[in-house]
Amino acid sequence: MKTIIAAICLLLAVPAISKAQADAINGVWLNEEKDAKIQIYRNGNQYFGKLIWMVKAMEDDGKTPRKDAKNTNAALRTRPLQGLVILSGFEYDTDDAEWEDGKIYDPKSGKTYSSKMKLKGNTLDIRGYVGVSMFGRTTTWTRSE
């Protein structure tokens, strides 16, 4: 009887452990260049990241917030960079212990890439790629909190 109760408890605990592992990327991250901070958060079963701080948040006039001027979609070039969602649609894969099937937007180039993320302690490896992840580039972010 004790074995059955222990097995039931273990089965009930597994989803909570997986959710805690998946939520481990939640928080504020400093990009590799150390000129921006991104808040990663969960919405439903997916993970997103928005730009919450930049070294150069204002245009040269010192009054106007920087815009998404390099976006390939001309209609989006007037939106402010501050608060912009640059990570979207990531889902946690328990088998590989990584976040997959997401997109990363690079405001410096105006391009969006397929992406996956892997947590390594207080660093987050983010791989952006076109087509196959073998043909891409990895950037490493550091936890800011």
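Select Ile52, Trp53 and Val55, which make a nonpolar surface patch of about 260 Å². Patches are made of residues with over 30% relative accessible area and no salt bridge, joining like charges within 9 Å and nonpolar side chains (Val, Leu, Ile, Met, Phe, Trp, Tyr) within 5 Å. A salt bridge is a side-chain nitrogen of Lys or Arg within 4 Å of a carboxyl oxygen of Asp or Glu. Areas come from the Shrake-Rupley method with a 1.4 Å probe, and for residues only the protein chains shown count as cover.

This is a predicted model: local features need pLDDT of at least 70, side-chain atom pairs count only at pLDDT 80 or more, and totals for chains, interfaces and linings use all residues. Residues are numbered from 1 along each chain as its sequence is written, and side-chain values use heavy atoms, leaving out hydrogens and water.

**Stop two: Ile52 and Trp53**

Ile52 sits in strand β3 (residues 46–54), and Trp53 lies in strand β3 too. Strands are DSSP runs (E, at least two residues), numbered from the N terminus. Ile52 has a relative accessible area of 32% and Trp53 has 36%; partly exposed lies between buried (under 20%) and exposed (over 50%).

Now show what Trp53 touches: Leu30, Lys34, Asp35, Ala36, Lys37 and Gln82, not counting residues up to four places away in sequence. Contact means heavy atoms within 4.5 Å.

**Stop three: the barrel**

Zoom out to see eight strands close into a barrel, in the order β1-β2-β3-β4-β5-β6-β7-β8, with antiparallel pairing. Pairing needs at least two DSSP bridges between two strands.

Conventions:
Helix = DSSP H or I, 4+ residues; strand = E, 2+ residues; numbered from the N terminus. Buried < 20%, exposed > 50% of the residue type's maximum accessible area, 1.4 Å probe, protein only.
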